[in-house]
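Here is a short tour of one protein model, written for someone who likes to have the coordinates open alongside. Take a look at the structure first, and then we can walk through it together.

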Amino acid sequence: MAIWISPGHDFRGRHGLGRLEHGLAAMDSVQCHAGKGIVDDRYYGHKEDYKGQITFFDEAVASELERNFNLAELDRSLFRRNVLLSGIELNSLIGKRFRLGELILTGSEECSPCYWMDEAVTPGAHEWLKGRGGLRCRIVESGLLKLGSHELEVLS
């Protein structure tokens with residue numbers, strides 16, 4: 001597991017303008033507020049009922065992308081998702097309510113890759129990541145998410 005936040009948007013609203021360089025900060029823990037998002041992250045309080053209050057990416061997808069594009073070890077933060085998980089098919093959580101650590105979340109939708117993935121990750125990544133770009137979630141119950149091993153429990 002890995003956790004990242006960013007103070008600003010590198011790509012959102014930047015079509016034709018080039019990337020910004022806000023970077024991502026690796027975190028040992030993050031405070032997550034129901035209906036708001038991750039404290040100090042760029043999407044915190046973005047808008048009411050926002051579908052991407054927290055985002056997830058799958059380690060297996062990152063590893064497969066490395067193999068497919070013959071890349072050396074790829075920095076997982078390049079995907080600009082908040083949490084890297086292993087051992088769960090993220091798309092299976094769309095429409096589900098689940099617990100991860102102290103948090104209760106609902107899977108909103110796939111975190112669809114955008115064309116910027118070709119710049120941020122590698123040329124061709126945008127097309128390759130379609131259908132496996134991660135998971136956007138709403139935070140239903142607030143809590144602290146910490147690095148470590150957490151059992152993900154599907155509630156409904």
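## The second largest pocket

In this predicted model, the second largest pocket holds about 160 Å³ of space. Its lining is made up of Met1, Leu85, Ser86, Gly87, Ile88, Leu100, Gly148, Ser149, His150 and Leu152.

What is the make-up of that lining in terms of nonpolar, polar and charged residues? Five residues are nonpolar and five are polar, while no charged residue takes part.

Eight of them form an open sheet with mixed pairing, in the order 2-1-6-5-9-8-7-11. Strand 2 (25–26) and strand 11 (152–154) are the edge strands, each pairing on one side only.

Within this sheet, strand 5 (residues 54–58) meets strand 9 (residues 135–141) through three bridges, and the two pair in the antiparallel sense. Which residue of strand 9 is the bridge partner of Thr55? That partner is Arg136. A helix belongs in this picture too: helix 1 (residues 59–68) lies across strand 5 and strand 6 (83–85), and runs at about 50° to strand 5.

Strand 3 (residues 29–33) and strand 4 run antiparallel and are joined by two bridges. Here His33 is found opposite Gly37 of strand 4.

## The whole chain

Stepping back, the protein contains three helices and 11 strands. Along the sequence they follow the pattern β-β-β-β-β-α-β-β-β-α-α-β-β-β. The radius of gyration is 15 Å, close to the 15 Å that the globule rule gives for 156 residues, so the protein is as compact as a globular protein of that length.

Notes: Residues numbered from 1 in each chain as written. Predicted model: local features only at pLDDT ≥ 70, side-chain atom pairs only at ≥ 80, totals over all residues. Heavy atoms only, no water. Pairing = 2+ DSSP bridges. Helix = DSSP H or I, 4+ residues; strand = E, 2+ residues; numbered from the N terminus. 1 Å grid on protein atoms, 1.4 Å probe; cavity = no way out; pocket = protein on both sides within 12 Å on 5 of 7 lines; lining within 4 Å. Points joined across faces, edges and corners; volume = space filled by probe spheres on them. Nonpolar A, V, L, I, M, F, W, Y, C, P; charged D, E, K, R; others polar. Contact = heavy atoms within 4.5 Å. Axes fitted to C-alpha atoms, helices over the stretch in contact; angles between N-to-C directions. Rg over C-alpha atoms; globule rule 2.2 N^0.38 Å.
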